[in-house]
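Here is a short tour of a protein model, written for someone who likes to know what each residue is doing. Please keep the sequence and the structure open while you read.

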Amino acid sequence: MREDLWDRCVERLEAELPGKEIGTWIRPLRAVVSADQVTLLAPNRVVMERVRTDFLQKIQRAVSSLASYDLIVNIAVGSGAETRPAASGTGSGAAPAEGEDYSPFAKGRLDPRYTLQTFIEGKSNSQARAAGLHVASSPGNVYNPLLIYGQSGLGKTHLMHGIGNAISAGRENARIVYVGAEQWFNQMVSAIRFGRQAEFKNFYRSVDALLIDDIHFLAGKEHSQEEFFHTFNALIDGRKQIVLTCDRYPRELDALDERLKSRFTWGLSVPIEPPELETRVAILLAKAETLGIRMPDDVAALVAQRIRSNVRELEGALHRLNASARLTATPITTEFARSCLKDMFASYDRAVTLENIKRTVAGYYNIRLTDLSSVRRTRTLARPRQVAMSLAKELTQHSYPEIGAAFGKDHTTVLHACRKVVELKRDDERLREDYENLLRMLTN
C-alpha cells in the first residue's frame, strides 16, 4: 500500500491537472511515506514553493481519499536525507518544539509568514482585518466565534493564520490549533475506526483557540456536524476562541445543521470581497518585495488591472513573471509582462466582453437589453446604463469611443458615466453594493 501510494496519487492528479504542470511540478517530487505522514521531497526551493502554493491542497485531498488511514502531507527540499518540512497540508510545517503535543490530531501548523501586519488591507477586507485584530487582542471575549467568509483566493486563510500567530505572540503557552475542516473530518473518521473517539474529543475540547478552515466542507456530513456542535459548545462555554472560514455566508449552506448556522452567527460574521484595483496593486508590490522581485509600479498596475478575480491569481502571475525573467535574464517591464502573461490576459478578455457586461447588467436590474442603448434618460435606465459603461471601461481594454458605440452613445457620454459612477460609489451605499455584486458576477 505505502509503496504505490504516491504513484496512484500522481495518476489521480493527472486527471485534474494539465500534463505540462504534472511534468514540471509533480513528477520531480519524491515521496517518503511514514506511519502518519507523506513527505514530498522537491529538487529545489522553486519547485517546493510552487507546489506548496498551488498543488499541496489537491495532493492532500488525493492522499486522503486513497489512503486507508489518516496521513498528513508535508513538502521539503531534499533527496531523502534529513529534511525539515516547509509546509504541511494546512500549515507551515515547522518542526515540533520540545515538549509539544505529539497527538495524532491537528497536525496543521500556523505559518509564521502569515501575520496581521503582512495582510494587505483595502476596502474589500478592512472589516475582516479589524475584527481579526480585536479577536487577537482579547481571544474568547469578543466576537466569538469569528467567521470570515468569501470566495476562494481572497485571503481568508492568511487572515486566520495571522490571528493565530497574534494570539500565540500574546499568550506564550496558549494551545492554538489550526486545521482544515476536511482534515478534521478525516481525523474524526480515523478516531472512530480505531476506537480513539475519547482522545479526539478531549484534544479538540481542551484547546485555547480553535481555527478551522473551510468549514463548509462539513455541510451534508451529519455525524461530523453533530460532533462539531458539541465541540463548539464546549469551547464557547469555556470562553475559548473559535475562528472559522467559509466560502459563503453560513445561512446559504443548505446542508448545514440549523443549530450550527445559528451558532456560527452568535459572534461576528465578516465578508472578504474581491480586492479593488488599488488593493491588488498593493498586494502585488508587497509580495514582490517579500520574494525579492523587482517589480516596477507600472507593471504592478498593468497586472492588477488585467487580473481581477483573486489574490491567488495575482500570485500566480507574479511567480510566472519572476521565473520567466530569471530564465531569460530579462528585466520585468510592461512589454515583458504583456508577452509573458498574454494567455492569462487573453482568458480574462474572453470572459468579459461588452455584450456579456450588457446582458449581466440588464439581468441584474431586470431591464431589457435594448434599454441600455435607448435614448430614454429616466433614472431607472440611466443608472444601469452608467454602471454598465463604467464596468466596461474597468473590465475591458476598449476605448471610450468603442464603448460608446456599443451603447449607441458618443465617447463623452461614456466619460461622464465613468466619472458619475466613481462619485456615486463614494456617496451611495446601495449603488456601491450593486457595482461590487456585478464585478463579482463578471469576474468569477
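Is Arg 129 buried or exposed? Arg 129 is buried, with a relative accessible area of 16%; buried means under 20% relative accessible area, exposed over 50%, and partly exposed in between, using a 1.4 Å probe and protein chains only. Before going further, note that this is a predicted model, in which local features need pLDDT of at least 70 and side-chain atom pairs count only at pLDDT 80 or more, while totals for chains, interfaces and linings use all residues. Residues are numbered from 1 along each chain as its sequence is written, and side-chain values use heavy atoms, with hydrogens and water left out.

Arg 129 is found in helix 5. Helices (H or I, at least four residues) and strands (E, at least two) are DSSP runs, numbered from the N terminus. The Arg 129 side chain makes a polar contact with the side chain of Glu 121 at 3.2 Å. A polar contact is a pair of N or O atoms within 3.5 Å; within protein, one must be able to donate a hydrogen and the other to accept it, and residues adjacent in sequence count only if both atoms are side-chain atoms. Not counting residues up to four places away in sequence, Arg 129 touches Leu 116, Gln 117, Phe 119, Glu 121 and Leu 159, where contact means heavy atoms within 4.5 Å.

Five strands form an open sheet with parallel pairing, in the order 6-7-8-5-9. Two strands pair if DSSP finds at least two bridges between them. Strand 6 (176-180) and strand 9 (268-271) stand at the edges with a single partner strand each, so one side of each has no neighbour in the sheet. From one strand to the next, the twist averages 15°. Axes are lines fitted to C-alpha atoms, for helices over the stretch in contact, and angles run from 0 to 180 degrees between N-to-C directions. Helix 5 (residues 126-137) lies across strand 5, strand 8 and strand 9, and runs at about 145° to strand 9.

Strand 6 pairs with strand 7 over five bridges, and Tyr 178 has Leu 211 of strand 7 as its bridge partner.

## Nonpolar cores

A nonpolar core is a set of buried Ala, Val, Leu, Ile, Met, Phe, Trp, Tyr and Cys residues joined through side-chain atoms within 4.5 Å. The largest one has 28 residues, of which Trp 184, Ile 212, Phe 228 and Phe 264 touch the most other members. Helix 9 supplies the largest share of this core, five residues. A second, separate core of 26 residues includes Leu 17, Val 47, Met 48 and Val 63.

## Leu 321 and the cysteines

Leu 321 lies in helix 13 (residues 311-328) and is buried, at 0% relative accessible area. Among the residues that Leu 321 touches, not counting those up to four places away in sequence, are Met 295, Phe 336 and Cys 340.

Cys 340 is itself buried, with a relative accessible area of 14%, and Cys 9 is buried at 0%. How many disulfides are there? The count is zero, taking a disulfide as a pair of cysteine sulfur atoms within 2.5 Å.
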